[in-house]
Amino acid sequence: MHVREFFDPLGRWRCTQFGRFFDQFVEQCRKIIVRVEGADTRRPSVGADKFRNAVAYELAHPRYVTEVDTDPLALGQRVVAILETGVRTATYKLATLSALVDHCVENVPTDPTAEIAVPLDDLADRVIEIYWRQVRPFDGRALRQSTGSRARILAAVESVRAVVGDVSYPLGRAQAPHAVYEAARAEVVLTLVQQPLYRLQRLPGAAGSASETFLYDDSWMHSGVGPRVIAAHGNQIVLRPGVAAGLAQLSGLLKPTLEILWVEDVRRMNRFLDEDVPDVAGHLFGRQRISLGPARLALKEVFGARCFYCDAALGNDNPVDHVLPWSRVGIDGLANLVLACGRCNSSKSQLLPAVEHAERALGRDRPALENIAAAIEWPTQFDRTVAAARGLYLSTPNNSPTWLGVGRIIGLDRGFVPKGIDYVG
Ligand SMILES: [Zn+2]
């Protein structure tokens, strides 16, 4: 009897009599992309029998076989397993995952099996931005986001806010002295590697494939890792093949899930927040907390007091609408803001807009937007908005509902390439 252990294409650990599942396994392998580094003459590339032999060869080198999971549902199940396992002692894992999802949406590779590098500075910026609003007092008290005595990431965020005051993140970042922000970001990078990034994929008591690092290689991380080791690894993590495209595709499901778990965690870590305390979610994730008033006035001056979507004349207190839904990408920059009437704004809600709306919003007079940005000290975040639009449409299945107007939903046509978004590579 020939007993073998191997990873199946979904990364599950198999220990079986060799041959029993083998043909099935070979068949599954046909459907996935096996990444092989460089040319290997011992690995035949054509023919059914030869393919069988090739798979047998790959089995002797399991790392090749474990890196090929490109099924977003399988990826999603494993991410959810991370979230459901154990009691979190801090919200850092949720922040890290949320930041990773956002990064993937804005950097979704044209090749869905591609691996992408995530600079840790970029990840830290996103984490700082997430906590930027959350560290404000709630009901006059600071909300705990960890059960430990010292919340390093929150302290780092507060060190910047202490200098610039209660302003929006982009403005605060621009106004903070370079050294102050750099120090905070370095502390966040160090904390991310020592804590959530190191622990994210390690499930308690897991063995075999369950302890496998399916998102990125974390073999060099530990709770005492220092800046020099992080620098030696390029100050980045590299997402495994398929992970970036998969997380981008799952963003519409993962983002709300992360927020719900986050609110639960914060309630658990702050006993004074009993059931009666209203709107913890609004405090943590609410989009009304930043006043869009200055943007409304400036947009009216430049583009006129009309609804961007239906051209209705606007009164004084009309909504300012996030073209790309705030719940999906959280971009407050002017490039993502338009004036809307109340009907359009509430009808559109969290739906992805029809591609033509995004195209028209991004096709607005860019110098005019930059002038507004300079005048009211409000960034356009133009490039980020373009990247997010590209990522959202690229990772949304064809024919998914998009919002065209009040009572008008149309299926996404991926064949239509909008100007300025250019998502088909
Ligand atoms: Zn309207």
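D139 is found in the loop between α6 and α7 (152-164). This is a predicted model, and the protein it describes has 19 helices and eight strands. Of its 425 residues, 36% count as buried. Among contacts between residues at least 6 apart in sequence, 73% join residues at least 24 apart.

- Strand β3 covers residues 116-119, and its side chains alternate between two faces.
- β3 pairs with strand β4 (residues 236-239) in the antiparallel sense, over four bridges.

**Strands β7 and β8**

- Strand β7 (residues 401-405) and strand β8 (residues 408-411) are also joined by four bridges, in the antiparallel sense.
- P401 has G411 in β8 as its bridge partner.
- The two strands form a hairpin, with two residues between β7 and β8.
- G407 lies in the turn of this hairpin and has a positive phi of about 70 degrees.

**Helices α5 and α12**

- Two packed helices are described by the angle between their axes and the distance between the axes.
- For helix α5 (residues 92-106) and helix α12 (residues 243-269), the angle is about 145 degrees and the axes are 8 Å apart.
- The crossing of α5 with α12 is left-handed.
- On the α5 side, the contact is made by L94, L97, S98, L100, V101, C104 and V105.
- On the α12 side, A244, L247, A248, S251, L254, K255, L258, L261 and W262 take part.
- By class, the residues of the contact of α5 with α12 are 13 nonpolar, two polar and one charged.

**Helices α6 and α9**

- Helix α6 (residues 120-134) packs against helix α9 (residues 178-194) at an angle of about 100 degrees, with the axes 9 Å apart.
- The angle therefore makes α6 roughly perpendicular to α9.
- From α6, the contact takes in L120, D121, L123, A124, D125, V127 and I128.
- From α9, the contact takes in A184, R185, V188, V189, L192 and V193.
- The contact of α6 with α9 has ten nonpolar residues, three charged and no polar.

**Loop residue Q201**

- Q201 is found in the loop between α10 (196-199) and α11 (227-232).
- Q201 is buried, because 20 other C-beta atoms lie within 10 Å.
- Leaving aside residues up to four places away in sequence, Q201 touches I82, T213, F214, L215 and D218.
- Q201 and V79 are 122 residues apart in sequence, and their C-alpha atoms are 8.7 Å apart in space.

- Most residues other than glycine have a negative phi, and most peptide bonds are trans.
- S349 has a positive phi, near 50 degrees.
- S349 lies in the loop between α16 (342-348) and α17 (355-362).
- With 9 other C-beta atoms within 10 Å, S349 is exposed.
- S349 and S327 are 22 residues apart in sequence and 9.7 Å apart in space, C-alpha to C-alpha.
- Q381 also has a positive phi near 50 degrees, and is a residue other than glycine.
- The place of Q381 is in the loop between α18 (366-376) and α19 (382-394).
- Q381 counts as partly exposed, because it has 19 C-beta neighbours inside 10 Å.

Terms used: Residues numbered from 1 in each chain as written. Predicted model: local features only at pLDDT ≥ 70, side-chain atom pairs only at ≥ 80, totals over all residues. Buried ≥ 20, exposed ≤ 12 C-beta atoms within 10 Å, placed from the backbone. Pairing = 2+ DSSP bridges. Axes fitted to C-alpha atoms, helices over the stretch in contact; angles between N-to-C directions. Left-handed = near helix turned anticlockwise from the far one by under 90°. Contact = placed C-beta atoms within 7 Å. Nonpolar A, V, L, I, M, F, W, Y, C, P; charged D, E, K, R; others polar. Parallel < 35°, antiparallel > 145°, perpendicular 65-115°, else oblique.
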